[in-house]
Each structure stands twice: as structure tokens, then as C-alpha cells.
Amino acid sequence: MNMTQSINRLASIAAATAALAAALSSAHAGSVTVTVIDRAGKPVQNAVVIVVTKEAGAPQAPLATSAVINQAKMKFQPLLTIVPVGAKVNFVNNDPWEHHVRGTAAGTAQFMTNDVGGFNMFLDGKLDGKAGKSAEITMAKPGPVQLGCHLHTSMLAHVYVTDSAWTQATNAAGQAVFDDVPDGPAQVKVWYSEQLLDLAPQAITVGVKPVLSNLQLKVLAKRKAV
Ligand SMILES: [Cu+2]
């Protein structure tokens with residue numbers, strides 16, 4: 001084998017190795033653990049963590065495309081619901097009195113646009129022995145939505161409408177754990193109802209090594225988890 005043949009041989013081996021590495025890395029999905037703490041360093045439960053990836057893909061456990069939010073005992077239940085864009089959310093009044101439910105953009109969006117895709121609906125009180133009155137809303141736009149009631153100002157809850165399949169609420173330890181994020185560059189974003197101004201997204205690189213990311217809010221967590 002002369003010099004040129006050797007170099008060609010090496011070049012073809014290198015190309016094959018690179019192709020194999022690319023195939024392996026594109027097939028791989030990495031683990032990302034995000035911990036959200038508040039201004040005082042305490043873990044924040046029910047913050048919404050969104051991982052935005054460049055690679056297409058779907059997690060093994062996709063977000064449900066429908067959800068039910070009950071009104072019961074003067075509260076929305078649950079207080080935080082995460083759904084993908086286009087999801088249908090059914091509001092059900094289980095109280096024996098009327099609720100006038102409204103949805104408006106939450107966070108900075110409420111100041112930045114008049115077109116918030118908001119909604120309003122009267123739900124009559126539930127009659128004994130009958131199913132609660134309900135109404136379905138399609139969540140057409142990404143972003144946080146604040147729920148309230150025109151009749152009962154103490155009623156407050158949120159729907160986070162996400163355009164990333166990798167979106168989770170943090171647990172009591174302030175953590176969101178994603179097991180199958182496609183490899184490559186990604187951004188971690190966090191939304192929390194008390195944090196009005198969005199924090200800058202954090203750039204991460206997903207790969208074989210698990211990513212541990214910490215985000216600190218500029219506000220204090222609610223004393224009682226929402
Ligand atoms: Cu009400």
C-alpha cells in the first residue's frame with residue numbers, strides 16, 4: 001500500500017466512524033433534570049419547566065391532549081394544568097352555585113397584547129343527582145393562561161399551554177426530570193405563576209452524560225404549593 005492509498009484508507013475509516021457516531025448520537029436521547037429554587041433557595045413546586053429542543057421527536061409519555069378542570073368548593077381543581085397547543089380542556093362545575101369562569105393570558109403576555117385568546121363562560125350550579133354543567137375550551141395558543149371567576153375573586157388557577165412535548169411541572173423537591181430528550185443543543189425555560197417577568201432561557205447540551213440544570217427564581221415560592 002503506497003502513501004496515497006494509506007491516506008485514502010484512513011480517510012474512509014474516519015468517514016465511516018463519523019457516520020456511525022452521528023447515527024448513534026441521533027438515536028440517543030438524554031436525561032435532563034431541572035431543579036427550580038426560589039429567591040430564598042427553597043425548592044419550588046408546580047413551576048413549569050419547558051425543554052425546547054431543535055431535534056424532532058416525541059417523549060415516551062406524551063402530554064395528554066385533553067384535560068378536565070373542576071370547580072369544586074370554590075376552587076379550581078387542579079390548580080395547575082399543562083397541555084399541548086390544541087388540547088381540549090373541559091371545565092366542570094361541581095358546586096351547587098354558578099361560576100363565571102374566565103381565562104386570560106398570564107405573565108408578561110397580559111401586558112403585551114390585547115389579543116390574548118381569552119374566554120368567558122357561565123356554568124350553572126350543579127343540581128342534585130345530575131352531572132355538573134360543563135364547557136370545553138380549545139387551547140389554541142402557547143403560553144400561560146390565568147383562570148379566574150368573575151363571581152368569586154378568590155378562585156385562581158393556571159393552565160400552561162406548551163408547544164414543547166418536553167414540559168413538566170416541578171415536584172415537591174422542585175424537580176422536573178426528563179428521561180428522553182433528543183441529543184443536541186436545547187434550551188430550558190421556566191414559568192412560575194408568581195414570577196411575572198420571564199427568566200432568560202438556559203442553554204444546555206443534551207447527550208450521553210445526564211444534564212443537571214438549576215434555575216433560581218427572583219420571587220419567593222408560594223407558602224402553600226398551588
Ligand atoms: Cu365562581
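Biologist: Which residues have the most contacts inside the largest nonpolar core?
Modeller: This is a predicted model, where local features need pLDDT of at least 70, side-chain atom pairs count only at pLDDT 80 or more, and totals for chains, interfaces and linings use all residues. Residues are numbered from 1 along each chain as its sequence is written. A nonpolar core joins buried Ala, Val, Leu, Ile, Met, Phe, Trp, Tyr and Cys residues through C-beta atoms within 7 Å; buried means 20 or more other C-beta atoms within 10 Å of a residue's own, with C-beta atoms placed from the backbone. The largest core has 42 residues, and those with the most contacts inside it are Val36, Ala47, Val48, Val49, Val51, Val159 and Val190.

Biologist: Where does this core lie, and why?
Modeller: Domain bounds come from an automatic or database assignment. Domain 1 (29-59 + 165-226) and domain 2 (63-163) both give residues to the core, so it lies between them.

Biologist: Which residues does Val49 touch?
Modeller: Contact means C-beta atoms, placed from the backbone, within 7 Å. Leaving out residues up to four places away in sequence, Val49 touches Val34, Val36, Gln168, Thr170, Ala176, Val188 and Val190.

Biologist: Which residue stands opposite Val48 in strand 14?
Modeller: Strands are DSSP runs (E, at least two residues), numbered from the N terminus, and two strands pair if DSSP finds at least two bridges between them. Strand 2 (residues 48-53) pairs with strand 14 (residues 184-191) in the antiparallel sense over 6 bridges. Opposite Val48 stands Trp191.

Biologist: Which strands stand at the edges of the open sheet of 4 strands?
Modeller: The order is 12-2-14-15, with antiparallel pairing. Each edge strand has a single partner, so one side of each is left without a neighbour in the sheet. They are strand 12 (166-169) and strand 15 (202-206).

Note on methods. A residue is buried if 20 or more other C-beta atoms lie within 10 Å of its own, exposed if 12 or fewer, and partly exposed in between; C-beta atoms are placed from the backbone. Two residues are in contact if their C-beta atoms, placed from the backbone, lie within 7 Å.
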